[in-house]
Amino acid sequence: MFGFLKGMGITIRQLPTKKVTLMYPNERPQWPERFRGVHEYIPELCIVCYQCARICPTSCISLSGARDDNKKMRIETYDINFEICILCNLCTEVCPTNSIRMTSQFELAEYTRDGLYKNMDWLYHNHVEHGSFRAMQAEKERAAREELEMPVQQKSDDRGGDK
Amino acid sequence: MTSTLHKEEMILNLGPQHPSTHGVFRLVVTLDGEQIVDADPVIGYLHRGTEKLAEGLQYTQIIPYTDRMDYLAAMLNNYALVHAVEYALDLEIPDRAEYLRMIVMELNRVASHMVFIGTYLLDLGAMSPFLYAFIERENIVELFNEICGARLTYNYMRIGGVKWDATPDWIDKVRRLVPMLREKVKMIDNLVSGNEIFLNRVRGIGKFTKEEALNYSLSGVNLRSTGFRFDLRKVRPYGIYDRFDFDVIVGENGDALDRYTCRLREIEQSLRIVEQAASQIPEGPVMGKVPKMIRVPAGEYYASIEGARGELGAYIVSDGKDKPYRLKFHRPSFVNLQILRKLLIGQNVANLIAILGAVDIVLGEVDG
Ligand code: SF4
Ligand code: SF4
């Protein structure tokens, strides 16, 4: 009988404590800085080295690039198939230019399976809609870079400084 | 009534989607009235072919796959693989990385045992302990989220170290969490362990002896609950477990109650290790010197660790390439499940879930 009473005591002690449930979707979770959400991709930085596609354990990145007029590699298509991406972040780990990064975006529901096939444009705009922490950092970095490279940049109407 | 009375046997199909199978697990039981005369576990619903996939992947690429085996204790799975590769390569691991590994592994063991306690009581029909256990587990999972960016599939360890150093106040948070968890474990203990309904429900069921456990090559809590003192962290200390002071918890009777209490008390031991590790952790690098392309020299290697559910081993057969020729995981849930048929035969059908739950399987690990 004593066991019951002890249990009851704990239950009663719980009454005044704070609720811990997060009322998603009305309340949004606060993800930490390292959170591995859906990628964003910044084409200007990419040097088309294929390292991300090669390390990906599920081979869900497909990309292609070509040389532009300045003989620099420029990305043409970049798709990630989120049906099979396991958000392991190995691609962001190997990327030498940080052009593929992870955001705090975690909502990826689609009505069709094809909808999970995201292209470059979607990945680029991923941060605009969701204001990810890292995207803003990237924006800052890019602004700093552009400022530095301004004299060079003005000559050619290159889309960005891919070093 | 004479015992020759003919009764028709009934076949009952439990699962694959049954809430207390903790995954997709099917059990075909043959019943005679309320007595189980035969039980036939059917597994493979969650089979992803991890071992086969691993043959086509570099060692680093396999690490995220190990997360998905025992998804309640993914840190330990990460470690099982990287430990085997490090053992094969004879790598030196920086101290800070080792300490971080110990902290996350022991915290993960605590989280995993919390899930066991919560879900086991849920199986037995008690709803609220589940919520209590999950509230506490949430703290740990959030800490993992902070250090590696994921709540379940961590992919945190790398061959030669860990991916990320702790964030500036992470260690402090761990230090603060330990006494809190201790208190909460005591609370759960008070809530459940003295409860007569619970005690009468689980005492003496699913009982096996030391010899039977060894014959079925059980490991982990299932083996220790019979009184057999075997914990790989003590028997064959790997990593830096020899630097910590902790006890191996053993039971006496080998029944479901002992397995429950062993796990509950193991949480306290794990917290002890976390506490020591968090206070001793040195500064320094978190990644050792690793060759750019990890090639395991040709040969066969086996390294095993004490997982949350038993001996978790990785057996690598290498032909000297950057990918394993064959990779086999010794998955404790799969091995421990094999005794289930023996435990169930002759039991009352009402005890079925209580016995299955106490073995503590994770279907991701059973099916591999
Ligand atoms: S997160 Fe992992 S699975 Fe997803 S694209 Fe990157 S490497 Fe591939
Ligand atoms: S995203 Fe990074 S890793 Fe991938 S091709 Fe571009 S620069 Fe290379």
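1. Three strands of chain A make up an open sheet, in the order 2-3-5, with antiparallel pairing. At its edges sit strand 2 (61-67) and strand 5 (117-118) of chain A, each of which pairs on one side only. Please keep in mind as you read that this is a predicted model.

2. Next, the meeting of the two chains. The size of an interface is often given as the accessible area lost when the parts come together. Here chain B and chain A bury about 2300 Å² between them, and 55% of that area is on carbon and sulfur atoms. On the chain B side, Gln61(B), Asn190(B) and Glu196(B) lose the most area to chain A, together 19% of what that side buries. Counted by residues, the contact takes 32 from chain B and 25 from chain A.

3. The rule finds 2 salt bridges across the interface of chain B and chain A. As for a salt bridge to look up in the model, the side chains of Lys163(B) and Glu93(A) meet in one, at 3.2 Å from N to O.

4. Do take a look at the largest pocket, which has a volume of about 740 Å³. Its lining holds 26 residues, and those nearest its centre are Ile55(A), Val94(A), Gln58(B), Thr60(B) and Lys292(B). Helix 2 (51-55) and helix 3 (90-94) of chain A, together with helix 2 (59-67) of chain B, are the elements that give two or more residues to this lining. By residue class, the lining divides into 13 nonpolar, 7 polar and 6 charged.

5. Most residues other than glycine have a negative phi, and most peptide bonds are trans. The peptide bond from Tyr24(A) to Pro25(A), however, is cis, with omega near 5°. Pro25(A) is found in the loop between helix 1 (2-14) and strand 1 (39-41) of chain A. Val48(A), in turn, has a positive phi, near 50°, although this residue is not a glycine. Its place is the loop between strand 1 and helix 2 of chain A.

Key
Residues numbered from 1 in each chain as written. Chains lettered and ligands numbered in written order. Predicted model: local features only at pLDDT ≥ 70, side-chain atom pairs only at ≥ 80, totals over all residues. Heavy atoms only, no water. 1 Å grid on protein atoms, 1.4 Å probe; cavity = no way out; pocket = protein on both sides within 12 Å on 5 of 7 lines; lining within 4 Å. Points joined across faces, edges and corners; volume = space filled by probe spheres on them. Helix = DSSP H or I, 4+ residues; strand = E, 2+ residues; numbered from the N terminus. Nonpolar A, V, L, I, M, F, W, Y, C, P; charged D, E, K, R; others polar. Pairing = 2+ DSSP bridges. Contact = heavy atoms within 4.5 Å. Buried area = accessible area lost by both parts, 1.4 Å probe. Salt bridge = Lys/Arg side-chain N within 4 Å of Asp/Glu carboxyl O.
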